[in-house]
Amino acid sequence: CYDNPEITSHEKCRFYACTTISSEIKLKLNSRIKSMIISAGQYAVYTHKGSYSLLDLFYNAILKNLPPQYILGEGLILEHYLNSPVDTTEDELLTEVLLPVVRQEK
């Protein structure tokens, strides 16, 4: 997400919504749907259990507690939703948060 939903109206928030595909899709330049390849890299993976509304607090906690030998990298921060609010209670929702990290040189 490029915008903070706390200060940007919902209709103006910009974000990437992604799905994994097994083969390249041929899209036209004027297509509303775009594709991208996420570069390989090293990620710290954390699992959040509970309401999506608590993810901001979760992010604050994990960003303050990265292992000391790592710093946040420049790649995209990713969220992988392991289940859905359609068939899962709010307190049982599982979200993987993948933070790009770089090992610090000593």
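Me: Is Glu92 buried, partly exposed or exposed?
Reply: The relative accessible area of Glu92 is 35% in this predicted model. Buried requires under 20% and exposed over 50%, with partly exposed in between. The value for Glu92 therefore makes this residue partly exposed.

Me: With which residue does Glu92 form a salt bridge?
Reply: The structure holds one salt bridge. Its closest N and O atoms are 3.4 Å apart, and the cut-off for such a pair is 4 Å. The partner of Glu92 is Lys49.

Me: How many residues apart in sequence are the parts that the pair Lys49 and Glu92 ties together?
Reply: Lys49 belongs to strand 1, whereas Glu92 sits in the loop between strand 3 (78-81) and strand 4. Because the two residues lie in these separate parts, the pair links stretches whose separation in sequence is 43 residues.

Me: Is Thr88 buried or exposed?
Reply: Thr88 is located in the loop between strand 3 and strand 4. Not counting residues up to four places away in sequence, Thr88 touches Asn83 and Leu93. The relative accessible area of Thr88 is 17%, and the limit for this class is under 20%. Thr88 is therefore buried.

Me: Which side chain is joined to that of Thr88 by a polar contact of 3.2 Å?
Reply: The contact runs between two side chains. At 3.2 Å, the pair meets the 3.5 Å cut-off. The partner of Thr88 is Asp87.

Me: How many residues of the lining of the largest pocket come from helix 1?
Reply: About 2,000 Å³ of space lies in the largest pocket. Its lining has 39 residues, of which Phe15, Tyr16, Ala17, Cys18 and Leu78 lie nearest the centre. Helix 1 and strand 3 are the elements that give two or more residues to this lining. The largest share, from helix 1, is five residues.

Me: How far apart in space are Arg14 and Leu72, C-alpha to C-alpha?
Reply: Arg14 is in the segment before strand 1 (43-49), and its relative accessibility of 49% makes it partly exposed. Arg14 and Leu72 are 58 residues apart in sequence. Their C-alpha to C-alpha distance is 22 Å.

Technical notes. Residues are numbered from 1 along each chain as its sequence is written. This is a predicted model: local features need pLDDT of at least 70, side-chain atom pairs count only at pLDDT 80 or more; totals for chains, interfaces and linings use all residues. Side-chain values use heavy atoms; hydrogens and water are left out. Helices (H or I, at least four residues) and strands (E, at least two) are DSSP runs, numbered from the N terminus. Buried means under 20% relative accessible area, exposed over 50%, partly exposed in between (1.4 Å probe, protein chains only). A salt bridge is a side-chain nitrogen of Lys or Arg within 4 Å of a carboxyl oxygen of Asp or Glu. A polar contact is a pair of N or O atoms within 3.5 Å; within protein, one must be able to donate a hydrogen and the other to accept it, and residues adjacent in sequence count only if both atoms are side-chain atoms. Contact means heavy atoms within 4.5 Å. On a 1 Å grid over the protein atoms alone, a cavity is a set of points where a 1.4 Å probe fits but cannot get out, and a pocket is an open set with protein on both sides within 12 Å along at least five of seven lines; lining residues have an atom within 4 Å of a point. Grid points are joined across faces, edges and corners, and a volume is the space filled by probe spheres set on the points.
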